[in-house]
Amino acid sequence: MPSRRSVLAATAGVTAGLTVGNSAYGFGSGGKNADRPSADDKKLRSLISRMTLEEKVGQLFVMRVYGHSATAPDQTDIDANLQEIGVRTAAELVARYRVGGIIYFTWAHNTRDPRQIAELSNGIQKASLDQPRGLPVLIATDQEHGAVCRIGTPAALFPGAMAVGAGGSRADARTLGRISGAELRAMGVRQDYSPDADVNVNPANPIIGVRSFGADPDAVGALVAAEAQGYQDAGVAATAKHFPGHGDTAVDSHTGFPVITHSRELWEKLDAVPFRAAVRAGIDSIMTAHIQFPALDGSGDPATLSHPILTGILRGELGYDGVVVTDSLGMEGVRTKYGDDRVPVLALRAGVDQLLNPPTLEVAWNAVLKAVQDGELTEARLDESILRILRLKSRLGLLDRPYVNTKDVDRVVGAARHLAAADRIAERTTTLLVNEGGLLPLSRRTHGRVLVVGADPASPSGTTGPPTGVLAAALTELGFGATVLATGTAPSAATIDEAVAAAQAVDAVVVGTYNVTAGSQQQRLVQQLVATGRPVVAVAVRNPYDVAQLTGVRACLAAYSWTDVELRAAARVIAGRVAPRGKLPVPVQRADDPAQMLYPIGHGMTY
């Protein structure tokens, strides 16, 4: 791994070349000046004054729930709800706990198709508004695009953050947010846990990686601000995550408790930059990280539970008074030190407003209630967070227009102009890293027969892929004779032999790689394909760092994700239909000597 000094040096001067399209800063009403007392505050405080303590506690929680319908989910989803939450349906969840928010997941069967999502959203709103003093629910999801995407086709799916970083266009980032936001709003989703504001300076980062715009903090900040502007222009709350910065860790906070060893000075120069940009830009919400950051708080507490980090730094030093939401409270990073009954209480004491997805809602809800009854938390402290949440709901128009018109869904979601915009943006992100002897673009005359092999990781949304099939279909549509042999992320010796044999009958091989490591079976597959003498084109479908492990390939492209829009763009580049325009947003170190640079930020070839 490169030193922090070398990474910072590698980013110097890059931001000056970032494409400017529209103003990157100063939009919206969130962030530093978002929650200045307004004429609406009197009305909102009046609403809060009429709420019972139990209703106030519920308003702080954002919870998962299984099922495609608020009132009539499938039996398997009813069973899952009973086991995990103690209710049968989303409507029962809202009635019992009066939750202020619900988060949609693909695996919870919330996101089958756009019209169903809209009807689920309306059903949830009705269930909440039917309650005494009922308030609209803030429905959220993680629609980052690329590697994290909860709602799939026919919705427009865009390149992920690192791909957008490779494109370097603020205008494209804003367009992505505006279109994705319009589609989410049409389905009743009004808070998106995106964009990712982490600066990815660790190639071994197992949880951020391509979810980050890159390794240059200023470039990341500009794109975070632009994408957030797009979402908020569309009437959807954007969320910068994961404060105070999750970009330099080799531990996944879902399964462990990462420790960030940056100094305070480095944090100011690196991790803080995109969050400051987000605050200046008026971001509606900021998500916390379940990481330990000793330079910011020496207590050993995760940032999510840290008063010095959330109240002292985020609210005090950065001047942020918008909504602060935790990352999922079911993740190991926040559960390592304290029990599930203490975590939500400590998060509120630290300065959090929304408590996201506790493992057991009954435990968390009752813990907060008891903390107020026992005097550990004051009711005034709850009111402070509820006011921020209601301000956000008011700005989004939820207090006046909580329902969506399902007739708008077919007109807005997956509109032809949206899909075309996604394709155009993707074409500007594909990065050509290697092109020995000018192999690319491939000629149909000399390399008309193509074998496509490689990894087929699962679709982030469950609606795209498989990658090898998408690449082959796109090449076929472009006039090549493409055949497919999926070899997986760890091909067996027999599978490698089969691929080598198939390569003998074609003019070129395209191999999709996914997080290649030294000595891995994927690396062995590529080496043996190169040994056939057939020209090999590698397409890194996740991390661009793969190129360091792929010696001998004649050409290598970075696609940054394995969703269809990015793979189709890569195929168009291979075929010469469009020229590659992406530039590396992260440095790539040599595999044999990580202290040495193989390709710097900004590297990218064209033709």
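These exercises, each with a worked solution, concern a predicted model.

**Exercise 1.** Find the strand order of the open sheet of eight strands, and state which strands stand at the edges.

Solution. 
- Step 1: The order in this sheet is β9-β8-β7-β6-β3-β2-β1-β10, and the pairing is parallel.
- Step 2: At the edges stand β9 (323-325) and β10 (355-356), each with a single partner strand, so one side of each has no neighbour in the sheet.
- Step 3: Inside the order, β3 (residues 138-141) pairs with β6 (residues 191-192) in the parallel sense over two bridges. Ala-140 has Gln-191 in β6 as its bridge partner.

**Exercise 2.** Describe the open sheet of six strands: its order, its pairing and its edges.

Solution. 
- Step 1: The strands follow the order β11-β16-β15-β14-β12-β13, with mixed pairing.
- Step 2: The edge strands are β11 (431-435) and β13 (481-486); each has a single partner strand, so one side of each is left without a neighbour in the sheet.
- Step 3: From one strand to the next, the twist averages 20 degrees.
- Step 4: β11 pairs with β16 (residues 555-558) in the antiparallel sense over four bridges. Within this pair, Thr-431 has Ala-558 as its bridge partner in β16.
- Step 5: Helix α20 (residues 493-503) lies across β12 (449-454), β13 and β14 (508-513), and its direction is at about 170 degrees to β12.

**Exercise 3.** Decide whether Glu-384 and Arg-388 are each buried, partly exposed or exposed, and state how their side chains are linked.

Solution. 
- Step 1: Buried means under 20% relative accessible area, and exposed means over 50%, with partly exposed in between.
- Step 2: Glu-384 has 39% relative accessibility, so Glu-384 counts as partly exposed.
- Step 3: Arg-388 has a relative accessible area of 6%, so Arg-388 is buried.
- Step 4: The two form a salt bridge, with the closest N and O atoms 3.2 Å apart. Both residues lie in helix α16 (residues 379-395), four residues apart, which is about one turn of the helix.

**Exercise 4.** Describe the surroundings of Glu-566.

Solution. 
- Step 1: Glu-566 is in helix α22 (residues 564-575).
- Step 2: Glu-566 is buried but has no salt bridge. A salt bridge needs the atoms within 4 Å; Arg-568, the nearest side chain of opposite charge, is 9.5 Å away.
- Step 3: The side chain of Glu-566 makes polar contacts with the side chains of Ser-561 (3.5 Å) and Thr-563 (2.5 Å).
- Step 4: Leaving aside neighbours within four places in sequence, the residues in contact with Glu-566 include Gly-146, Pro-159, Gly-160 and Tyr-560.

Notes:
Residues are numbered from 1 along each chain as its sequence is written. This is a predicted model: local features need pLDDT of at least 70, side-chain atom pairs count only at pLDDT 80 or more; totals for chains, interfaces and linings use all residues. Side-chain values use heavy atoms; hydrogens and water are left out. Two strands pair if DSSP finds at least two bridges between them. Buried means under 20% relative accessible area, exposed over 50%, partly exposed in between (1.4 Å probe, protein chains only). Lys and Arg count as positive and Asp and Glu as negative; His and the chain ends are not counted. A polar contact is a pair of N or O atoms within 3.5 Å; within protein, one must be able to donate a hydrogen and the other to accept it, and residues adjacent in sequence count only if both atoms are side-chain atoms. Contact means heavy atoms within 4.5 Å. Axes are lines fitted to C-alpha atoms, for helices over the stretch in contact, and angles run from 0 to 180 degrees between N-to-C directions.
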